[in-house]
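Please read the following briefing alongside the sequence and the coordinates. It moves from individual sites to the ligand shell, and then to the domains and a helix.

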Amino acid sequence: MILSIESSCDDSSIAISEIATKKLVYHKKISQELEHAVYGGVVPELASRLHAEALPKILEECKGWFGQLKAVAVTNAPGLSVTLVEGVTMAKALSLTLDIPLIGVNHLKGHIYSLFIEQETQFPLTVLLVSGGHTQVIEVESLDRMETVMRTMDDSFGESFDKVAKMMGLGYPGGPVIEKLALEGDRERYPFPIPLQKRGEMAFSYSGLKNAVRLAIEEGSSEDYPDIAASFEHIATEHLFRKLRKYFKTRPPERFAIVGGASANRYLRGRIEELLAPYGADLLLAQLQFCSDNAAMIGRIAVDLYGEKSFTPIGELHSAPKSD
Ligand code: KG4
Ligand code: ZN
């Protein structure tokens, strides 16, 4: 068995995965969304303190498996430095007391493996990662060969939902609230400019759209919010798809996946078939419960890293807020 820990942002999560079968034996997540909602975003110091309370509580439930653990895996980058360190410190203590190796896991690669929980990997794969911290297109050849081919120049897709919700006074996280509000709105009413439309950059950008939405909010009233939310969600998605279509012209996808917290968005999910139709590409999506941050995906990639004996010496396991 491998015990895995995730604490890169506002979810405290621990999982236990069976190495031989890749089965998820145990998974628990304590989300801090409610605690951060009043502030309209994640407060790092508060998040760190809440992890310090939640992680040991979850770990206590795993004591029965301690004798069977062959390794301990932990997200060590990227994320908030003061929250990553909570998981990393716990993992180091477990590694020392149980005398088992450590496996440091990149959080973004973990999101990619959310697709393969309890199943075999399928590569090559073109991945769109849309989370609170990142918007990237990644070409995945194998566990060790992943290349980021497009990224955002400023805000991420998920972050733009968080910021729009904050401007409307709707709390945090913004994705689910904006998605719900948009269902009642008219997607055509606000023709916000599609980011980077006339520019050739193979990149994403959400700061301009966010500012256009800000103006609409300032000029309108709360009765306009459903239409603003719907128009925003439409343009945010349209931007992703236009850039992807352009990218696919040079590299048509064989197999395509969307991962990350914002991949739970139903409007986005509902339009993927249309995007992929010209290429006949297979589509992979993670189960909804594994789209947002969780330790099950960290455990799944750790099983493959264990197979390669990719262990991280304790002195070399650092929590790194940024990674490529
Ligand atoms: O992957 P994740 O749990 O954390 C990071 O690694 O960042 O993603 C969280 C992000 C937040 O920005 C949240 O608002 C967004 O995912 N999100 C959504 C939806 N559900 C979560 N964005 C759009 N629509 C959703 N339904
Ligand atoms: Zn994440």
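**Annotated sites, ligand shell and domains**

Gly-175 has its place in helix H6, in what is a predicted model throughout. Gly-175 is buried, since 26 other C-beta atoms lie within 10 Å and 20 or more are enough for that label. Leaving out residues up to four places away in sequence, Gly-175 touches Gly-158, Phe-161, Gly-261, Ala-262 and Asn-265.

**First group of annotated positions**

- UniProt, in an unreviewed entry, places the feature "binding site" at Leu-129, Val-130, Ser-131, Gly-132, Gly-133, Asp-162, Gly-175, Glu-179 and Asn-265.
- Gly-132 is buried, with 26 other C-beta atoms within 10 Å, and its contacts, not counting residues up to four places away in sequence, are Cys-9, Ser-156, Gly-158, Glu-159, Asp-162 and Gly-261.

**Second group of annotated positions**

- The UniProt annotation "binding site", again from an unreviewed entry, also covers His-107, His-111 and Asp-293.
- Although these three span 187 residues in sequence, no two of their C-alpha atoms are more than 8.7 Å apart, so they gather at one spot.
- His-111 lies in helix H4 and is buried, with 30 other C-beta atoms within 10 Å; apart from residues up to four places away in sequence, His-111 touches Leu-129, Ser-131, Val-259, Gly-260 and Met-297.
- Asp-293 sits in the loop between strand S10 (282–285) and helix H11 (295–307), and counts as buried with 27 C-beta neighbours inside 10 Å.
- Setting aside its neighbours within four places in sequence, Asp-293 is in contact with Glu-6, Ser-8, Cys-9, Asp-11, Ser-13 and Gly-261.

**Ligand 1**

- The shell around ligand 1 is made up of 20 residues, of which the closest are Gly-132, Gly-158, Gly-175, Gly-261 and Asn-265.
- By residue class, this shell divides into 6 nonpolar, 10 polar and 4 charged residues, and at least two of its residues come from each of helix H5 (157–167) and helix H6 (174–182).
- Domain 1 (2–116 + 290–316) and domain 2 (125–285) both give residues to the shell, so ligand 1 lies between them.

**Domains and their interface**

- The chain is divided into domain 1 (2–116 + 290–316) and domain 2 (125–285), and the centres of the two, taken over C-alpha atoms, are separated by 27 Å.
- At the interface, 17 residues of domain 1 are in contact with 22 residues of domain 2.
- On the side of domain 1 that touches domain 2, H1 and helix H4 (107–113) each supply at least two residues, and H4 gives the most, with 4 residues.
- The residues on that side of domain 1 divide into 7 nonpolar, 6 polar and 4 charged.
- UniProt, in an unreviewed entry, lists residues 26–299 for "domain: Gcp-like"; over this range the chain is 45% helix and 16% strand, with its end C-alpha atoms 10 Å apart.

**Helix H2**

- Helix H2 (residues 44–61) has 18 residues and should span 26 Å at 1.5 Å a residue, which agrees with the 26 Å between its end C-alpha atoms.
- Ala-47, Leu-50, His-51, Ala-54 and Leu-55 are the buried residues of H2, and they pack against strand S1 (2–6), strand S2 (11–17), strand S3 (24–31), helix H1 (33–37) and helix H3 (81–98).

Terms used:
Residues numbered from 1 in each chain as written. Chains lettered and ligands numbered in written order. Predicted model: local features only at pLDDT ≥ 70, side-chain atom pairs only at ≥ 80, totals over all residues. Near = placed C-beta within 6 Å. Nonpolar A, V, L, I, M, F, W, Y, C, P; charged D, E, K, R; others polar. Domains from an automatic or database assignment. Expected span 1.5 Å × (residues − 1). Buried ≥ 20, exposed ≤ 12 C-beta atoms within 10 Å, placed from the backbone. Contact = placed C-beta atoms within 7 Å. UniProt positions renumbered as here; feature names shortened; annotations may be inferred.
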